[in-house]
Amino acid sequence: FVLYLDRVCMGKAAPSIQRELRLSDTEMGFVHAVFMVSYAVFELPVGRWGDRFGSRGVLTRIVLCWSLFTAMTGAMVDFWRLAIVRFLFGAGEAGGFPNAARVIARWFPGQARGPAQGIVVASALVGGALAPIAAAYLIRFVGWRWTFVVFGLIGVVWAAAFYSWFRDDPAEHAGTNEAERRLLAVDEPAARGQTHEPIPWSIVLPSPNVWLLGGAMNCGAFAFYMYVSWFPTYLETTRGVEPILSGWLSSSILAGGAIGCFVGGHIGNWVMTRVQDR
């Protein structure tokens, strides 16, 4: 939720940033793009960190880093500084979803993982849906600079709460009982996250499933980031929509995505159950 709240607010703030910093559409497009490039480049190594060091510390570090650079966005005064901070913001956010998937794999039994993953992704899109609305009102009352500071502080609060409550090994959490530990097979070293075999790249890279899933993510991201980055600007500058209404209209797209992800997790689980039964 917090990840997409901080990520999507940039699109709503972009018209105000462009006016104040006198950025062209091309320069603003570059600012959007450097985030996506750094996010993609660092996704794999930071996901691997979770396997090596545990998701508790890595997820905390991820959220603190992106929260810092979210807040710093409000202090930018020119194009190059803004581009550098957004690049670092992308690097800071990378690894969030791989580590969230790792948490699900260790805290949910097999048949519960589809719905759990659906809830995680739906929560992200709910955060994204709220971001344009919240940003629109905050920008009106405190300006775009302080809006980024507010969003950054939310992540700091989450990181502190998560690190104090979460444990990589369910057996180490005071809230689990013996039946739950047996269900999750926490006696197995891999389930505890204490060991991890080397990634079998010779199997992963030629896998059609990996490339097909990657292609599906690429197609979805192509449209998603267009809406996240440029849709509020398009509404305000091309269609003359006032900022608050453009925030609500931008939110409606991600709200639909949240519904689809939540329902899709359950549908996927239902399909897999039927396939396995056959």
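**Helix contacts**

A: Val46, Trp49, Gly50 and Phe53 of H2 meet Ser55, Val58, Arg61 and Ile62 of H3; contact means heavy atoms within 4.5 Å. Helices (H or I, at least four residues) are DSSP runs numbered from the N terminus. This is a predicted model, in which local features need pLDDT of at least 70 and side-chain atom pairs count only at pLDDT 80 or more, while totals for chains, interfaces and linings use all residues. Residues are numbered from 1 along each chain as its sequence is written, and side-chain values use heavy atoms, with hydrogens and water left out.

Q: At roughly what angle do the axes of H2 and H3 cross?

A: Axes are lines fitted to C-alpha atoms, for helices over the stretch in contact, and angles run from 0 to 180 degrees between N-to-C directions. The axes of H2 and H3 cross at roughly 145 degrees and come within 7 Å. By class, their contact has five nonpolar, two polar and one charged residues. Here Ala, Val, Leu, Ile, Met, Phe, Trp, Tyr, Cys and Pro count as nonpolar, Asp, Glu, Lys and Arg as charged, and the others, Gly among them, as polar.

Q: How are H3 and H6 oriented to each other?

A: Angles under 35 degrees count as roughly parallel, over 145 as roughly antiparallel, 65 to 115 as roughly perpendicular and the rest as oblique. Helix H3 (residues 55-73) and helix H6 (residues 113-165) have axes that cross at roughly 165 degrees and come within 7 Å. H3 and H6 are therefore roughly antiparallel. Residues making the contact include Leu59, Val63 and Leu64 of H3 and Phe148, Gly152 and Trp158 of H6. By class, there are 13 nonpolar, nine polar and one charged residues in this contact.

Q: Which handedness does the crossing of H3 and H6 have, and which does that of H1 and H6?

A: A crossing is left-handed if the near helix is turned anticlockwise from the far one by less than a right angle, and right-handed if clockwise. The crossing of H3 and H6 is left-handed, whereas that of H1 and H6 is right-handed. The axes of H1 and H6 come within 3 Å and cross at roughly 25 degrees, which means that H1 is roughly parallel to H6. Their contact has 22 nonpolar, five polar and four charged residues.

Q: How many disulfides does a search of the whole structure find?

A: A disulfide is a pair of cysteine sulfur atoms within 2.5 Å. The search finds zero. The sulfur of cysteine 9 is 17 Å from the closest cysteine sulfur, that of cysteine 65, which is too far for a bond.

Q: Is cysteine 9 buried or exposed?

A: Buried means under 20% relative accessible area, exposed over 50%, and partly exposed in between (1.4 Å probe, protein chains only). Cysteine 9 is buried at 1%, and cysteine 65 is partly exposed at 23%.

Q: Where does arginine 22 lie?

A: Arginine 22 is in the loop between helix H1 (2-21) and helix H2 (25-53). Its relative accessible area is 76%, so arginine 22 is exposed. Phi of arginine 22 is near 55 degrees, a positive value in a residue other than glycine.

Q: Which residues does isoleucine 199 touch, not counting residues up to four places away in sequence?

A: Isoleucine 199 touches Arg48 and Val204 on that count. Isoleucine 199 is found in the loop between helix H8 (189-192) and helix H9 (201-204). The C-alpha atoms of isoleucine 199 and arginine 48 are separated by 9.3 Å, and the two residues are 151 apart along the chain.

Key:
Helix = DSSP H or I, 4+ residues; strand = E, 2+ residues; numbered from the N terminus.
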